[in-house]
Amino acid sequence: MKTKSNLNLNRQRVFPMSVCLLMSFTSLAIVTGWTAESPASAAGRSARVFDVRQFGAKGDGKTLDTAAIQKALDECGNAGGGIVRFAAGTYLSKPIFLHSQMTLQLDAGAVLQATDERADFVNPEKTNSFIAFVNGKNLHDVAIIGSGTIDGAGTRWWGPAEEARRKTPGYVLPRPTMIVLTNCKNVRVQDVTLQNSPTTHLAPTACEDVVISNVTVKAPSGAANTDGINPIGCKNVLITRCRIDTGDDNISIKSNRAIPGRAFASEDITVTDCVFLHGHGMSIGSATVGGVRNVTVRNCTFENTENGIRIKSQRGRGGTVENISVSDITMKNVDPAITLTCYYMNNSARDPVERSAPKNDPAQPINETTPIFRSIRISNLTATCQRSAGMIIGLPESAISDVVLENVHITAATTGLSVKNAKGIQFKNVTVANKEGPPFIVENAQVEGD
């Protein structure tokens, strides 16, 4: 790639955070005591164990155990915390509600199984909406751990959702989420398997100090909107050593709204040593209204995902996304490898031509929901792509800016890397080997490097 501008991008200024953030998360785990060997700190101090079978749960997969499970949870909360234990067995339940200073422990062979009855999840306070299967709000020191499984019984929900999406492209039929923890501090989810959620499996929302480690997330590749892990408006998050195989975003960092007291609703988030299988890859967005900054993605592998690294938004849902560092990434059979787009809804089509920005799109006035993407570094990435290599496409009124690709090598079955409505783009030791057209398609963009 020949130089087209002489923009000087100071990488030390743009990306001073990545190493510091990883150190801060390591310190967080040490300080809170949330290591692989110990339960949540508060529950560990309590030493009381509340076995759901002692409260009447049968665990036979047929008896509805909701009342017994909730009684154990409530008794644990009233006692000031402890461990709510599920021994091996299948515990059929309607939605349940956690408390502070509590560890939900699923032993090997234990399955917390959601019912699949719509009426069990209907939110009585809001029309056409649902409550989650596992709920927590305004809590502190809460953990979900163990070698067991939480199953969302999504099969009954997926068919109607797919039918609705085919009738109206982009439409998401309302369904329950598996786990929603809202406005919680000191959260840990470790070692468990989360599977078959009607929609998103795990959604920490407006939470702080979250560690998600060694978690497996599974849903069929064709199950609509079954995101794996979605931190929404969260601060200080570590997602590490997780294996995610789903029907939508493997991980998606979202920022639906501004959060009082924070300049950015979503910030200081690290994803490391994860495996992404079927799904839509590692995403930021599409909702970025509250802003996203200081995200590090490192040492992850992707195989057969519909996207690799994707930052997506659109007019009306955007905000500032900045200080993003992606490094040491291996991708196999993805489609495509890199997507930075401010035309997300235009880019939902699989045809690479349709994924580009619309022709003759005039600049529009900038407002608080205009997407702004800047200060992004992607390094040491190798990928093979089913179709195109990817895109970096901003808006006429909001160019994507200050992006560095270094040691990036992509082999694409069709088209190359499109760059449009962008400035301050630097390529350093970047190669794209593709079969159709030029390796780099540049339009209204300032690009330098090779």
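**Contacts and the fold**

Author: Among contacts (heavy atoms within 4.5 Å) in the protein between residues at least 6 apart in sequence, 72% join residues at least 24 apart. This is a predicted model, where local features need pLDDT of at least 70, side-chain atom pairs count only at pLDDT 80 or more, and totals for chains, interfaces and linings use all residues. Residues are numbered from 1 along each chain as its sequence is written, and side-chain values use heavy atoms, with hydrogens and water left out.

Reader: What average pLDDT does the protein have?

Author: pLDDT is the predictor's confidence in each residue, from 0 to 100. Over residues 2–46 it is below 50. Where pLDDT is low, the predicted coordinates should not be read in detail. Still, 87% of the residues score at least 70, and the protein averages 90.

Reader: How many helices and strands are there?

Author: Both are DSSP runs numbered from the N terminus: helices are H or I with at least four residues, strands are E with at least two. Counted this way, the protein comes to six helices and 31 strands.

Reader: Which residues of helix α4 are buried?

Author: Buried means under 20% relative accessible area, exposed over 50%, and partly exposed in between (1.4 Å probe, protein chains only). Helix α4 covers residues 66–78, and Gly-80, with a positive phi near 90°, follows α4. The buried residues in α4 are Thr-66, Ala-68, Ile-69, Gln-70, Ala-72, Leu-73 and Cys-76.

Reader: Which residues touch the most other members of the largest nonpolar core?

Author: A nonpolar core is a set of buried Ala, Val, Leu, Ile, Met, Phe, Trp, Tyr and Cys residues joined through side-chain atoms within 4.5 Å. Strand β30 (residues 417–433) gives the largest share of this core, seven residues. Of the 104 residues in the core, those touching the most other members are Val-84, Phe-86, Leu-112, Leu-405 and Ile-410.

Reader: How many disulfides does the count come to?

Author: A disulfide is a pair of cysteine sulfur atoms within 2.5 Å. For Cys-234, the nearest cysteine sulfur, that of Cys-207, is 4.7 Å away. The sulfur of Cys-242 is too far for a bond because the closest cysteine sulfur, in Cys-274, is 4.7 Å from it. By this rule the count comes to zero.

Reader: Is Ala-223 buried or exposed?

Author: Ala-223 sits in the loop between β16 (216–218) and β17 (235–240). Leaving out residues up to four places away in sequence, Ala-223 touches Trp-158 and Gly-247. Its relative accessible area is 2%, so Ala-223 is buried.

Reader: Which residue does a cis peptide bond join to Asp-335?

Author: Most residues other than glycine have a negative phi, and most peptide bonds are trans. With omega about -10°, another cis bond joins Asp-335 to Pro-336.

Reader: What is the phi of Arg-241?

Author: Arg-241 lies in the loop between β17 and β18 (243–245). Arg-241 is partly exposed, with a relative accessible area of 45%. Although Arg-241 is not a glycine, its phi is positive, at about 55°.

Note on methods. The expected span of a helix is 1.5 Å times one less than its number of residues.
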